[in-house]
Amino acid sequence: QQSNGNGEMNQLKIPEIKFTKLFINGEFVDSIKGRNFETVDPRTGEVIATVAEGDKEDVDVAVKAARTAFDQGPWPRMSGFQRARIMEKFADLIEQNNNELAALDCIDAGKLFMMGKLVDIPAGAASLRYYAGAADKIHGEVLKSTRSLHAYTLKEPIGVAGHIIPWNFPTSMFLMKVAPALAAGCTMIVKPAEQTPLSALFYAHLAKQAGVPDGVLNVVTGFGHTAGAAISSHMDIDMVCFTGSTEVGRLIMQAAATSNLKQVSLELGGKSPLIIFDDADLDKAAGLALQGIVHNKGEVCVSSSRVYVQEGIYDEFEKKLVEKAKAWKLGDPFDPNTRQGPQVDKRQFERILSYIDIGMKEGATLLTGGKPWGSKGYYVEPTVFADVKEDMQIVREEIFGPVMSLMKFKTIEEAIERANNSKYGLAAGIVTKDLNVANRVSRSIRAGIIWINCYFEFDLDFPYGGYKMSGFGRDLGLNALHKYLQVKTVATPLYDSPW
Ligand code: ADP
């Protein structure tokens, strides 16, 4: 469904901010200390709203609510079918509020409004439906005991889940974690990123409207080192699921280990290679490579930030890529013609520019971009570096912005070796018409998802997560549902025991 023109766009530019408080036990409440923080519009740098700043004591209250809802409430006890009906209602409400939710993510995160409206929000609602469809099919199995025992397994919800999520996809991240946890019968606390707290609070409101019982879904807005750390080190949270930087992932795992050994699932950084072979369609490959780095302004953990092109087509590819990058349209993310909005905040904007500076100092050649765009807001031009060496910081480290390193390779063996030469292993792309090459490379690369002749192809049914220092545990697919379940074995003798 397309927007019907400027009238709707203007109206949507400043959605009314209805929810700015913590959502605990079914109520919007102030933080205990009464503190607030500001969330900023990256298009202008102006404050959108002040939001309650939750801290350790608020997390404690939220965890108590979630624990009570888990130990005594109806959610884990009702049939999966009943949970599914509530989740379907939640999905309906999300679809009904699509415009407002897309507008909130647009002003809070600088995301393209149309992308939110057509992709993120509908896919988020669909993820609730996907896991709702699985909620009544959770069961264990009868075991074939080697002795005279009747034994079986039960699949039980893990308990209280803690979700710590990032700012790059506020909607997808929220629902990608919440939907399987709800289906499993868990109760939970979610801490959205401090840069993008607004849509999470709206989702909490819709969950209540849909009939999710009080205490099942709690949202505590606040900062990482306070509210986030209180979740990862909490003694009464059974599992923490995190998406964010590798650096913070390490802190979360440490906190989990030194507190109550809660289970941990981490989806972390990436530096994903896209390998383009000589037989590729040049125009398509250049388009894919550009999309791979500018999609969501490069604030994507699976961005194709290392592009390896085989020598036979390298020069022509470089020309095409630069042409396309120069023509890429930046602008207000509400404008349906805009392809790239602003980076999420000033810190991220400055971080990206400082990496561009590092690349130049390291001796890479700037082919295009490299500068802020426009007179206000946090926009960065699509940037392509060539003459890049494998040991440069811009190739080793995750930049999380529209900055690509373009490199040349000769043989398939070299491409595989260089693609794997990273501490990360989240995603990889291969462009070739040769099936044998595609199969060989996809098996040789150590990454959680491989795209052949495409990029960013996600599906609710595709498990998603990392190899190596990109983390462990999988979001999406039925793998994510099983993450929120634990297995209990029950055994009983078939005959009277001789003892
Ligand atoms: P970025 O550096 O790109 O902002 P982070 O990994 O820092 O990404 O943030 C992802 C999420 O982790 C956010 O919700 C943030 O508040 C949270 N976070 C940051 N530091 C910590 C921490 N020490 N403990 C728990 N959560 C944290």
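This is a predicted model: local features need pLDDT of at least 70, side-chain atom pairs count only at pLDDT 80 or more; totals for chains, interfaces and linings use all residues.
**Notebook: a helix, a crossing and some loop residues**

I started at Phe400, which sits in the loop between α13 (393-396) and β18. Helices here are DSSP runs of H or I with at least four residues, strands are runs of E with at least two, and both are numbered from the N terminus. Residue numbers run from 1 along each chain as its sequence is written.

Is Phe400 buried or exposed? I found Phe400 buried, with 24 other C-beta atoms within 10 Å. (Buried takes 20 or more other C-beta atoms within 10 Å of the residue's own, exposed 12 or fewer, partly exposed is in between, and C-beta atoms are placed from the backbone.) I also looked up its phi: Phe400 is not a glycine, yet phi is positive, about 60°. Most residues other than glycine have a negative phi.

Next I looked at Asn296, in the loop between α10 and β13. Its phi is positive too, near 50°, and Asn296 is not a glycine either. Asn296 counts as buried because it has 20 C-beta neighbours inside 10 Å.

How far apart are the end C-alpha atoms of α10? They are 18 Å apart, which agrees with the 18 Å that its 13 residues (282-294) should span at 1.5 Å a residue. (The expected span is 1.5 Å times one less than the number of residues.) I listed its buried residues: Ala285, Ala286, Leu288, Ala289, Leu290, Gly292, Ile293 and Val294. Their cover includes β12 (273-276), β13 (306-310), α11 (311-327), β18 (403-409) and β20 (427-431); contact means C-beta atoms, placed from the backbone, within 7 Å.

Then a helix pair. I saw α2 (56-71) pack on α8 (224-232) at about 40°, with axes 8 Å apart. (Axes are lines fitted to C-alpha atoms over the stretch in contact, and angles run from 0 to 180 degrees between N-to-C directions.) That makes α2 oblique to α8; under 35 degrees would be roughly parallel, over 145 roughly antiparallel, and 65 to 115 roughly perpendicular. From α2, Lys56, Asp58 and Val59 meet Thr226, Ala227, Ala230 and Ile231 of α8.

Last, Thr411, in the loop between β18 and α14 (412-420). Thr411 counts as exposed, because it has 10 C-beta neighbours inside 10 Å.

Methods. Two residues are in contact if their C-beta atoms, placed from the backbone, lie within 7 Å.
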